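This briefing is intended to be read alongside the sequence and the coordinates. Topics are grouped so that each can be checked in the viewer.

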Amino acid sequence: MIWVNQVVQGILLGGYYALLATGLSLLFGVMRIINLAHGDLAVVGLFLLWWLHDQGLSVPAALAVMLPAMALAGILLQRVLLERSLRSGVLVPLLTTFGLAIVMQNLLFEKFGADIRSVDIGTFAYNGWKITDEIYVGHLPVVTFCVAVVLLGALQLFLSRAPIGRSMRATAQDPDTAELVGVNARAVYLVAAAIAVATAGLAGAFLGMRTTFDAYVGPTQLIYAFEAVVIGGLGSLWGTLFGGIVIGVAQTVGAQIKPQYSILAGHLVFLAVLGWRLVNGAIAARGGFRAALGLET
Amino acid sequence: MLRVEQLDAHHGLLHAVRRVSLEVADGETLALVGANGAGKTTLLRTIAGGHRASQGRILFDGVDVSSLPAHRRVRLGITLVPEGRRLFPEMTVEENLLVAGRGNGEWNLGRVYDTFPMLRPLRKKRAATLSGGEQQATAIARALMTNPRLLLIDEASLGLAPIAVERVYESLEAVVGGGTTVVLVEQDLGRALAVSSRVACMLEGRIVLEGAAAEITREQVVEAYFGLKRRNGKAVQQ
Amino acid sequence: MNAAQGLKVERWTPLSAVATAGGVALLVALAFGPVLFGANALDNLTELYVYVILAAMWNALAGYAGLVSVGQQAFFGLGAYAAVQLTNHGVNVWLALALAGLAAGAISLPTSFFVLWLRGGEFAIGMWVVAEVFHLLVNLDHSVGGVTGTSLIALSSYDPVERRRYTYWLALASMAVLLAAVFVLLRSRLGASMQAIRDDEQAAGSVGVRVLRAKLVVFVLAAIGCGAAGAVWLAGQLTFQPNSYFSVQWTAYMLFMALVGGLGTFEGPIIGAVIFFAIQNQFGEEGVWYLVGLGTAAVVFALLLPRGLWGTVEDRFGIRLLPLGYRVRKLGGGRAPSTSPRVAAESELT
């Protein structure tokens, strides 16, 4: 039964990872950019939330301020950095976002120091429902999961029904032709970036409520988000939820085996999925293993 | 309506369009012909804004649109149906149409489906699964949804079966009949001359022949097309 | 181009002959370092050689094969780890340090099965995951002290002067061998393949370039190089703490050096390493602002000066110091049509 509890916790944790991965998935889907600063953006949002709360705002109020601020930050990021990077080839976006990540981490450290913090939400952090003697679901994880599902659903609806969402899909598939039928690709990218960074901030908020954090937790969050996106299938929003759950469950089950195995388990599952999927595809595409390795002429 | 002045366009070091000047009047249909690589596609794309000109001006209704991005030109009324259709593959036919316009102008979904009746049953079909002819119809319909005053069509018949070409041109005639100005790049000389009021022929980036379709003979077009010159009564390569 | 015009394709020019000879002479001269320099200088040079190796390897991956790796610290750490393990199992410490690079290279082979199929950002983060996996696995290994790490005790049995000398020569030799390897690689057909891959992978594949094979060679070479660098670092530091060796900070350094020096050039990484070394020694104590500076520089260079310092010099003045390209020359006096550097550069196939 203890395993069932771990799986349940893993599924709920997956909700957080899905939330975190949404922005990464969106930017990749629309702009083909992997934003290496994504995790650190989540942490920036988190620090902003923490700081606002520290200044006296209630957590919900701070959230209400932080999210639009992050959306604005996304627009700025796109305008100043990503737009130019996009035009310069595949390498440049990776280099600039990585550089940006380093800058953000260290600026946060400079401003907030090395103290470990968390967002104080009182008893909400550990209250929950007892399902059975062995299974206990906390309020926070459930809320996180629900928020993730609602967000993904809303985003899916937005992309399929809303005119801007349609334009976004068109731009993702063929930006040049989209322009030729009247879509302002630049504006579309700004909207995508705003949504991506705002959702990153939201995920950051839940991170801070769930656990402790400091200025340097960004990169690990990026890795988890990336793993969730890849497992779920690049470009699929609901796939991101699935991917998040897989990572979450791998981690919680791994933790049950031995606490130090937790994160490693997640990585190993990711590599296994990657290896299996890629080898399968590559073998099929190239007509066999030997051909794929260039052993046949 | 459209005036192109001394337009130059390059692909890297390749000089694709050389000092081209052109005028298209309201309501005209201009056929742009020429061999592959003559610069027709580049010219059309540059007029539509999908390619940057290196020199020269493009005037639309007297307004200089040379530095406007493509989507702004669409707002002003210049729309291109690109070579190779270029539909959004993962979107349905109807979604492809709706991206271009919500249908609050002269052209809306209803009128589009009336003009291209073959598309009505295909509304919810993914664009990637359509046949060549269906894709071409969708591409033209999509351009129409932007309510263009100047419609640029690049190679409407490329890669299509004869019967599909037939249907495309039937619908095209309805469009032309409606008063839209059209510039048509077409490999099929016969069709080009049949549907248009004026003809221009391009060779190696320049316009080498221009005139009313009724006045120009087929022989003249063929000669210009291949860059032949009459010498002692015989057509010779320049 | 007309054969009748008498054109000659050549690889060496007077300038490149001089430059190459000069480079080799410099390496030979540096071998006498322990005789010429004091302890401090030797330590500094050793550190510099490590940076050169790391920069050259990262540049080979990103600048030539188009593979941006955010996880080369995996092999840096594995090199050091291998050296520790080999020594623990009785191998002579200097032999262990020399073999460390090859050990890292060996591990890179199975690793490549997982990541080499990935493109762009996926490869970047995929390598990061790989680095994290190796980091975590090494943390679990108690024979090297787990998270707390251990020291290369075997080295302390050597006299410090001797140790410094051997470390210096190990570093210099590693750097020379690896730079030579990159040089040979670039001059070979594989080098041309890699350029093609970097420019357009699909097109390259369609003309018969064995894309995966080329990438694999560079991948393994880079692993060997980073592993060797890790071993040298260990010899200099004496302590092995997984957290420090497997830190993504190393990627930040490599990225900076290769980018600022000149991605896709041979000389660039060397220049980048020198600059980095200078900055590191000047500002390394400034803590976070130093890192902010590095990150900002990376962003600025990537956006405004993507060819890096040396790459920009090469482009503007049309010079090529080393015989890594091809020159087309008109026989019977003078060069090809235009003398303007830009066109001359374009008539060269690099």
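The points below concern chain contacts, strand pairing, helix packing and backbone geometry.

The model is predicted.

**Strand pairing in chain B**

- Strand β1 (residues 2–11) of chain B pairs with strand β2 (residues 14–24) of chain B in the antiparallel sense, over 7 bridges.
- These strands, β1(B) and β2(B), form a hairpin with 2 residues between them, and B:Gly12 in the turn has a positive phi of about 65°.
- β1(B) also pairs in the antiparallel sense with strand β4 (residues 55–60) of chain B, over 5 bridges.
- B:Arg3 stands opposite B:Glu23 in β2(B), and the bridge partner of B:Arg3 in β4(B) is B:Leu59.

**Helix packing in chain C**

- Helix α3 (residues 39–64) of chain C packs against helix α13 (residues 267–283) of chain C at an angle of about 135°, and their axes are 8 Å apart.
- α3(C) is therefore oblique to α13(C).
- The crossing of α3(C) past α13(C) is right-handed.
- The residues of α3(C) that meet α13(C) include C:Leu48, C:Tyr51, C:Val52 and C:Ala55, while the α13(C) side includes C:Pro269, C:Ile270, C:Phe276 and C:Phe277.
- The contact of α3(C) with α13(C) has 11 nonpolar, 3 polar and 1 charged residues.

**Positive phi in chain B**

- Most residues other than glycine have a negative phi.
- B:Arg85, which is not a glycine, has a positive phi of about 70°, and its place is in the loop between β6 and α3 of chain B.
- B:Arg85 has 24 other C-beta atoms within 10 Å and is therefore buried, the cut-off being 20 or more.
- B:Glu204, also a residue other than glycine, has a positive phi near 50° and lies in the loop between β9 (198–203) and β10 (206–212) of chain B.
- B:Glu204 is partly exposed because 15 other C-beta atoms lie within 10 Å.

Key. Residues are numbered from 1 along each chain as its sequence is written. Chains are lettered from A and ligands numbered from 1 in the order in which they are written. This is a predicted model: local features need pLDDT of at least 70, side-chain atom pairs count only at pLDDT 80 or more; totals for chains, interfaces and linings use all residues. Two strands pair if DSSP finds at least two bridges between them. Helices (H or I, at least four residues) and strands (E, at least two) are DSSP runs, numbered from the N terminus. Axes are lines fitted to C-alpha atoms, for helices over the stretch in contact, and angles run from 0 to 180 degrees between N-to-C directions. Angles under 35 degrees count as roughly parallel, over 145 as roughly antiparallel, 65 to 115 as roughly perpendicular and the rest as oblique. A crossing is left-handed if the near helix is turned anticlockwise from the far one by less than a right angle, and right-handed if clockwise. Two residues are in contact if their C-beta atoms, placed from the backbone, lie within 7 Å. Ala, Val, Leu, Ile, Met, Phe, Trp, Tyr, Cys and Pro count as nonpolar, Asp, Glu, Lys and Arg as charged, and the others, Gly among them, as polar. A residue is buried if 20 or more other C-beta atoms lie within 10 Å of its own, exposed if 12 or fewer, and partly exposed in between; C-beta atoms are placed from the backbone.
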